[in-house]
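Please go through the structure below with me.

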Amino acid sequence: MPAVSKGDGMRGLAVFISDIRNCKSKEAEIKRINKELANIRSKFKGDKALDGYSKKKYVCKLLFIFLLGHDIDFGHMEAVNLLSSNKYTEKQIGYLFISVLVNSNSELIRLINNAIKNDLASRNPTFMCLALHCIANVGSREMGEAFAADIPRILVAGDSMDSVKQSAALCLLRLYKASPDLVPMGEWTARVVHLLNDQHMGVVTAAVSLITCLCKKNPDDFKTCVSLAVSRLSRIVSSASTDLQDYTYYFVPAPWLSVKLLRLLQCYPPPEDAAVKGRLVECLETVLNKAQEPPKSKKVQHSNAKNAILFETISLIIHYDSEPNLLVRACNQLGQFLQHRETNLRYLALESMCTLASSEFSHEAVKTHIDTVINALKTERDVSVRQRAADLLYAMCDRSNAKQIVSEMLRYLETADYAIREEIVLKVAILAEKYAVDYSWYVDTILNLIRIAGDYVSEEVWYRVLQIVTNRDDVQGYAAKTVFEALQAPACHENMVKVGGYILGEFGNLIAGDPRSSPPVQFSLLHSKFHLCSVATRALLLSTYIKFINLFPETKATIQGVLRAGSQLRNADVELQQRAVEYLTLSSVASTDVLATVLEEMPPFPERESSILAKLKRKKGPGAGSALDDSRRDPSSHDINGGVEPTPSTVSTPSPSADLLGLRAAPPPAAPPAPSGAGNLLVDVFSDSPATQPGLGPSPEEAFLSELEPPAPESPMALLADPAPAADPGPEDIGPPIPEADELLNKFVCRNNGVLFENQLLQIGVKSEFRQNLGRMYLFYGNKTSVQFQNFSPTVVHPGDLQTQLAVQTKRVASQVDGGAQVQQVLNIECLRDFLTPPLLSVRFRYGGAPQSLTLKLPVTINKFFQPTEMAAQDFFQRWKQLSLPQQEAQKIFKANHPMDAEVTKAKLLGFGSALLDNVDPNPENFVGAGIIQTKALQVGCLLRLEPNAQAQMYRLTLRTSKEPVSRHLCELLAQQF
């Protein structure tokens with residue numbers, strides 16, 4: 001047994017620990033522990049009172065036994081008694097025992113709280129720190145209720161020691177994270193911000209951690225921290241390593257505090273004060289400059305600290321997204337890391353550049369590194385780095401480099417890790433659709449994708465190519481020819497058979513003139529794959545065969561023979577058997593005309609946006625942020641996305657006769673989304689179901705709802721089906737709209753989708769569709785915090801006479817919104833007659849016990865009910881002259897507020913709702929439009945003319961309608977867009 005020195009203080013404890021270590025078996029250890037427990041129990045129950053030293057020693061032994069994994073059911077009271085000792089070592093052991101062994105439900109909590117209160121009131125800094133540490137370690141709600149009001153007072157007290165302030169700040173942070181509603185906001189909040197100016201760096205570090213957490217809930221209460229944080233950061237960044245000796249880590253001054261300050265600044269937008277903003281930009285430039293300096297030490301700790309500050313600086317630059325020079329410099333700096341020998345740095349550089357690629361200022365700079373990223377995709381050993389390289393290629397893709405990137409990703413797919421193949425497939429499918437310059441390239445790419453990685457091509461991908469081919473006459477023949485050639489390969493993936501079966505069944509007649517692809521050849525080729533396929537694919541092929549009978553009557557006898565075969569009519573699978581029987585009977589009984597009607601070509605699918613991106617979002621999970629969408633920098637990238645999605649009315653089989661149409665073999669709707677769960681706020685906004693999952697950090701507005709697919713009504717009146725009347729509290733019961741309500745409304749005059757409102761707590765997204773005088777709007781309320789919203793109540797209010805002009809019916813939403821979750825509300829809208837003021841949206845809820853409310857203007861304006869009208873030049877001028885009364889015309893001459901771009905102007909006018917008429921105005925630079933505003937009571941014809949003057953940077957807008965108020969209102973709405 002090792003000797004025990006006299007300085008150890010508790011010889012009995014040292015001997016006991018030594019005995020335990022010398023035990024040869026588990027049984028011997030348990031025997032020794034039981035012996036010691038019996039001894040301690042007898043001492044505690046004995047008649048002789050124990051002194052403080054003995055209590056401390058025995059409590060220490062109990063603590064050691066507990067840490068060995070044995071249950072302790074006594075000694076708690078003796079530990080509580082140690083808290084009243086005036087000796088530091090005894091009090092320390094008491095607090096240590098309580099922090100480890102006492103749970104929040106213990107009956108001793110009241111006694112412990114009294115002891116803690118006495119220590120907090122003692123003004124002894126050592127005892128106060130012990131008490132604060134105990135509160136933080138236990139962290140129970142009971143302790144929070146007991147001390148939440150005392151700790152802020154200690155934190156901001158002028159006579160508190162630095163060590164006490166530091167402990168108080170961290171203790172308050174712990175309580176706030178455990179129970180946010182227990183920490184009261186008050187006068188101390190303004191004083192805690194000034195701790196950022198404290199002389200003691202430890203106090204500043206603790207205060208920054210506390211403020212960063214608090215400001216996420218109450219940003220306005222702590223907004224003054226921005227200037228103080230910038231000032232402190234500036235002093236640190238400009239200091240030499242010798243200035244802050246106690247807080248310098250391997251020649252890097254206060255790296256932990258610097259990182260915390262940079263993260264705090266990311267909770268706020270760029271400073272409005274020019275001096276503060278200039279000082280901050282100077283700090284960021286200094287950090288970027290220091291990154292270029294040669295290292296002051298070869299130790300890895302030096303480079304780690306230096307790079308930690310650099311990457312957090314780049315994160316702040318990306319967050320602000322307002323300094324083009326800094327964004328480009330950050331991109332160039334990250335580019336240097338792409339070839340660094342350290343794998344972690346390459347990973348972080350790729351990840352940060354994914355975010356930079358979504359910025360319009362730095363996108364071009366990111367593209368210059370395409371060769372390096374492609375090389376990383378090919379040569380990196382670490383699969384996670386290769387995955388980030390694939391993400392970056394996806395993020396930097398645009399029309400100029402789409403073919404190169406898609407080609408490289410297809411080449412990589414042949415050797416890619418199995419874990420990321422499905423994700424690569426989805427990315428290639430999205431890029432091919434989004435940036436295709438012609439549809440033949442898109443078809444080639446998807447078929448190549450199926451050939452290379454057929455097992456990883458999900459249903460969404462091959463559904464999508466069928467939808468686009470069905471809707472595009474110019475590509476149908478090419479698709480039929482290409483898929484016919486692909487099916488001739490000896491080894492053909494089943495997904496290729498599905499695509500080939502559908503396309504040849506619909507458009508095989510377009511290539512039937514070539515003897516090499518005559519109808520019998522097409523049928524023989526497909527039927528040669530029949531017996532190798534699954535039941536679902538065989539069902540689709542049977543539908544293709546009945547389509548062939550309609551397209552190619554010469555194949556009727558052959559196909560009927562196949563359908564009549566015993567393997568089909570007596571098939572064990574009821575679906576195949578039913579199809580064979582129905583199709584055989586249909587082909588035998590029905591006349592040619594009936595057959596042609598029943599089996600006519602599938603109609604175009606309703607225009608919808610792609611659901612493949614939704615699949616990728618769910619595949620990526622939480623954190624799939626702006627790297628998955630770059631629509632903010634390329635607003636024209638969706639023109640090929642005017643593709644389609646099948647809807648229930650297109651693909652359902654409500655009756656046996658509908659089955660005869662082969663609809664079951666047609667692509668069904670996209671697969672149902674994954675079950676709801678925790679995740680990033682924006683991720684599952686793309687879910688197809690109303691109950692969406694929570695999703696992600698900040699992303700572009702178009703990314704928020706670009707892939708939502710609300711059910712398409714079968715008729716305009718279906719938009720108002722199944723309404724649930726909403727409680728309308730009346731304008732007098734709600735507060736006035738927020739100051740920026742008009743600005744937010746203005747963003748939606750020419751668009752239907754996007755983020756209506758967003759702050760630190762709540763995000764409200766909108767997706768809407770309008771037909772004639774009816775509309776349907778989907779509102780998405782996202783809880784951006786980790787705390788549940790209580791009594792959540794969004795209501796629509798009709799100010800003034802709007803109730804008689806616009807009918808809005810809402811469906812109720814859940815009254816509780818979990819942290820990180822999202823709820824959807826459906827609004828059915830009917831325009832009764834022309835109106836000038838939009839309805840109001842009032843949102844009320846309780847967050848952390850505090851009531852929250854805001855009022856917005858709902859983005860429903862009169863132009864949403866525009867019906868575009870095509871007119872010849874003669875008809876236009878004739879109608880223009882008929883609307884010649886002064887009260888029927890509204891004209892405005894105004895200066896351009898945005899760059900004068902003809903394509904952008906055209907897009908805005910189309911988004912406004914009117915049809916653009918070509919070759920009507922003698923001046924080709926002018927824009928002429930026409931439309932009819934549809935209301936239930938009447939129709940209002942509208943003609944407009946927009947005359948841009950690029951030299952003077954001015955516009956003249958003229959509108960003529962049959963109603964004076966409508967003319968003025970439309971003129972005001974449209975003028976604000978330019």
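Q: Which helix holds the place of Leu-67?
A: This is a predicted model, in which local features need pLDDT of at least 70, side-chain atom pairs count only at pLDDT 80 or more, and totals for chains, interfaces and linings use all residues. Residues are numbered from 1 along each chain as its sequence is written, and side-chain values use heavy atoms, with hydrogens and water left out. Helices (H or I, at least four residues) and strands (E, at least two) are DSSP runs numbered from the N terminus. Leu-67 has its place in residues 52-67, which are helix α3.

Q: Is Leu-67 buried or exposed?
A: Buried means under 20% relative accessible area, exposed over 50%, and partly exposed in between (1.4 Å probe, protein chains only). The relative accessible area of Leu-67 is 60%, so Leu-67 is exposed.

Q: What accessible area do Leu-67, Leu-96 and Val-100 have together?
A: These three residues form a nonpolar patch on the surface. Patches are made of residues with over 30% relative accessible area and no salt bridge, with like charges joined within 9 Å and nonpolar side chains (Val, Leu, Ile, Met, Phe, Trp, Tyr) within 5 Å; a salt bridge is a side-chain nitrogen of Lys or Arg within 4 Å of a carboxyl oxygen of Asp or Glu. Accessible areas come from the Shrake-Rupley method with a 1.4 Å probe, and for residues only the protein chains shown count as cover. Together Leu-67, Leu-96 and Val-100 have about 270 Å².

Q: Is Thr-544 buried or exposed?
A: Thr-544 lies in helix α29 (residues 535-551). Contact means heavy atoms within 4.5 Å, and, leaving aside neighbours within four places in sequence, Thr-544 is in contact with Gly-501, Tyr-502, Gly-505 and Leu-526. The relative accessible area of Thr-544 is 3%, so Thr-544 is buried.

Q: How far apart in space are Ala-432 and Ile-405, C-alpha to C-alpha?
A: Ala-432 is found in helix α23 (residues 421-434) and counts as buried because its relative accessibility is 0%. Apart from neighbours within four places in sequence, its contacts are Val-406, Trp-441, Tyr-442 and Thr-445. Ala-432 and Ile-405 are 27 residues apart in sequence, and their C-alpha to C-alpha separation is 9.8 Å.

Q: Which residue in β15 does Gln-934 stand opposite?
A: Two strands pair if DSSP finds at least two bridges between them. Eight bridges join strand β14 (residues 927-934) to strand β15 (residues 939-949), and these strands run antiparallel. A hairpin through four residues joins β14 to β15. Opposite Gln-934 stands Gln-939.

Q: Which residue in the turn between β15 and β16 has a positive phi?
A: Strand β16 (residues 954-961) runs antiparallel to β15, with eight bridges joining them, and Asn-949 stands opposite Met-954. β15 and β16 form a hairpin with four residues between them. The turn residue with a positive phi, about 55°, is Gln-953.
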